[in-house]
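The sequence and structure come first, and the discussion follows.

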Amino acid sequence: MRIKRALAIGTTLVALTAAAGCGSDDDAEKADGKSSATGTPAGSEGGADSGLPKAADLASIAYYVNKYTPCLDLQTGDEYDADHDGDKAAWGADEAADPSWGIKERGVCSDESGDPIALLSVADMKKLQTAAKADNERLVVGEDFAVVAVGSRAAQGLQKSGLKFLTCDPAFSVPSGFEKRPGLVDGCVLSDYFPS
């Protein structure tokens with residue numbers, strides 16, 4: 001069943017990419033500011049936006065995450081929660097239902113060990129960071145989405161993804177050579193260092 005769903009997602013993404021292939025990639029990037037194939041911002045190393053990866057929907061988030069760590073059998077958060085409990089529960093069921101978090105949609109995929117990875121499409125990143133600060137949560141964020149991996153192997157795989165580790169812990173420090181920059185909320189920081 002997981003293979004069928006993964007193939008269905010892959011086929012959908014290929015079809016969407018093929019349908020969008022009528023114009024040049026440069027035209028598409030200028031029109032919407034995104035790279036059509038990767039879901040990342042055009043000119044992701046600079047420009048007017050934050051330089052963080054973007055994704056329009058849960059399928060795009062899963063596709064992006066799957067480049068760096070397995071993200072299998074994507075389900076909506078409600079579907080996943082109905083079938084899983086206890087040690088396989090995924091992060092964010094309560095948070096996604098709370099408007100103060102600014103979460104538009106929540107999905108869950110599984111890593112290679114079967115551990116859940118919560119995928120969050122975020123309507124308001126400042127709200128998400130404010131709520132994360134209030135609850136002392138640590139997340140991995142892009143421009144308009146967030147990811148919470150339970151398994152340490154999946155979390156470490158995401159360190160190479162261009163996503164940033166979000167924490168509002170005042171004691172958080174990074175080893176030399178890693179980036180640490182202010183988040184959208186006072187006291188929160190983004191880093192390319194993902195502590196284990």
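Is Glu 112 buried, partly exposed or exposed? At 45% relative accessibility, Glu 112 counts as partly exposed, where buried means under 20% relative accessible area, exposed over 50% and partly exposed in between, with a 1.4 Å probe and protein chains only.

## Basis of the model

This is a predicted model, in which local features need pLDDT of at least 70 and side-chain atom pairs count only at pLDDT 80 or more, while totals for chains, interfaces and linings use all residues. Residues are numbered from 1 along each chain as its sequence is written, and side-chain values use heavy atoms, with hydrogens and water left out.

## Salt bridges

Glu 112 forms a salt bridge with Arg 153, the closest N and O atoms being 3.0 Å apart; a salt bridge is a side-chain nitrogen of Lys or Arg within 4 Å of a carboxyl oxygen of Asp or Glu. Arg 153, at 65% relative accessibility, counts as exposed.

By this rule the count comes to five salt bridges. Among them, Arg 106 and Asp 81 meet at 2.8 Å, N to O; Arg 106 is buried at 7% relative accessibility, whereas Asp 81 is partly exposed at 25%. Lys 164, Glu 179 and Arg 181 are linked in a network of salt bridges.

## Lining of a pocket

By class, the lining of the second largest pocket has ten nonpolar, four polar and one charged residues, where Ala, Val, Leu, Ile, Met, Phe, Trp, Tyr, Cys and Pro count as nonpolar, Asp, Glu, Lys and Arg as charged, and the others, Gly among them, as polar.
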